Amino acid sequence: MELYVDLGAHSYSIYIENNILKDTGSYIEKVYSGKKIMIISADNVFPLYGDTIVKTLEDKYEVHSLILPHGEPTKSFQSLPKIYSALLEARFSRSDLIIALGGGVIGDLAGFAAASFLRGIKFIQIPTSLLAQVDSSVGGKVAVDLPEGKNLVGAFYQPALVLIDPLVLNTLPERYINDGMGEVIKHGLIMDAGYYEWLQEHREEILARDLSICEQMILISCRIKRDVVEQDPTEQGIRGILNFGHTLGHAIEKLMDFKLLHGQCVALGSIAAAYLSAGRGEITMDEAVQIRNVFEEFGLPVSIKDFGLAKEAVIAATKNDKKMDSGKIKFILLHRIGEAFIDRTVTDEQMEQSLDLLMGGAL
């Protein structure tokens, strides 16, 4: 299946197909006519898929690889010199190519390196986690973290191609399937109530990794994100709704020192945003509780009461996030399930109330 992302000169295709990795070379030939390729991957991913991809490339290209430690700490400035040095040592030029093979950390990091090396080198995303397949590999957001928070230094830099192989989900630990569902459920909540219902109806197949259902789910989520990104590629307006659950989610993720996965934190932030939406009278509290229950049914955390987090610390952390806008915290709330909006009027007191509920307080 092919999804075309229409961004003018920066347009590209997303291909979703079981076992597509064995045909990587033929797809790359469609968008790249240079000589050298650098595969940037993680130490828990390259051993699984690196040989398959290299074999499809080595007859036509000079292939290099750089393997980095897996995990969020790798997505830092300290990793960039390693990438730049590897590219310089292999004498890469602006006409050469980077492949990001891995989850969201590798995709964001390799993408930022591609955007900044020689002021821009072509790159391709091959996402190997569910979260990366449905979210971070699409849309051109690339970044590194700072000690103060996630993704505080980054760029909008579109890939030349995205290749998604649902078969790789079979090698993921269960918690990483649950993790990806944090972003998937978010897509239904912000844009498509029918999709949100479909996910609930197919929960057992999704968690059992039924490949036909998972392929369909990945396609729908990518289509939702594609449709938003085409309207607003650099997040000047509507693209902000994709940050539903991220305002408080990023704060929790940072305060937990990344011991929780990103999708888990998005789930917690989404539940808090649902509580805020109910407090505004946009949705009912029954709907907010049902949203919490859906995240829980997909194996995601729904409370922070055992995490040892102080409400004041969470609120303070939101103010170091890139979602601050002219001194105001930008929240994404729900008018109704399937329709999100951007709000800049949430007060510290309202955040405290939502965090009270997230800590297991009375509804």
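Author: A crossing of two helices counts as left-handed if the near helix is turned anticlockwise from the far one by less than a right angle, and as right-handed if clockwise. Keep that in mind as we look at this predicted model.

Reader: Okay, which hand does the crossing of H7 and H9 have?

Author: H7 passes H9 in a left-handed crossing.

Reader: And why are H7 and H9 called roughly antiparallel?

Author: Look at the angle. The axes of H7, residues 193-201, and H9, residues 211-231, cross at roughly 160 degrees and come within 12 Å. Anything over 145 degrees counts as roughly antiparallel, so H7 and H9 are roughly antiparallel to each other.

Reader: What makes the contact between H7 and H9?

Author: H7 brings Tyr 195, Trp 198 and Leu 199, and H9 brings Ile 213, Gln 216, Met 217, Ile 220, Ser 221 and Ile 224. Sorted by class, that contact has seven nonpolar residues, two polar ones and no charged ones.

Reader: Now the spaces. What makes something a cavity and not a pocket?

Author: A 1.4 Å probe fits in a cavity but cannot get out, whereas a pocket is an open set of points. Counting cavities of 30 Å³ or more gives one, and the largest cavity holds about 30 Å³.

Reader: Which elements give two or more residues to the lining of the largest cavity?

Author: Helix H10 (246-255), helix H11 (262-279) and strand E12 (331-336) do. H10 has the largest share, three residues. The lining includes His 246, Gly 269 and Phe 331, and by class it has five nonpolar, five polar and no charged residues.

Reader: What is the volume of the second largest pocket, then?

Author: About 270 Å³. Of its 14 lining residues, Ala 9, His 10, Tyr 157, Gln 158 and Pro 159 are the closest to its centre. The lining divides into nine nonpolar, four polar and one charged.

Conventions: Residues numbered from 1 in each chain as written. Predicted model: local features only at pLDDT ≥ 70, side-chain atom pairs only at ≥ 80, totals over all residues. Heavy atoms only, no water. Axes fitted to C-alpha atoms, helices over the stretch in contact; angles between N-to-C directions. Helix = DSSP H or I, 4+ residues; strand = E, 2+ residues; numbered from the N terminus. Parallel < 35°, antiparallel > 145°, perpendicular 65-115°, else oblique. Contact = heavy atoms within 4.5 Å. Nonpolar A, V, L, I, M, F, W, Y, C, P; charged D, E, K, R; others polar. 1 Å grid on protein atoms, 1.4 Å probe; cavity = no way out; pocket = protein on both sides within 12 Å on 5 of 7 lines; lining within 4 Å. Points joined across faces, edges and corners; volume = space filled by probe spheres on them.
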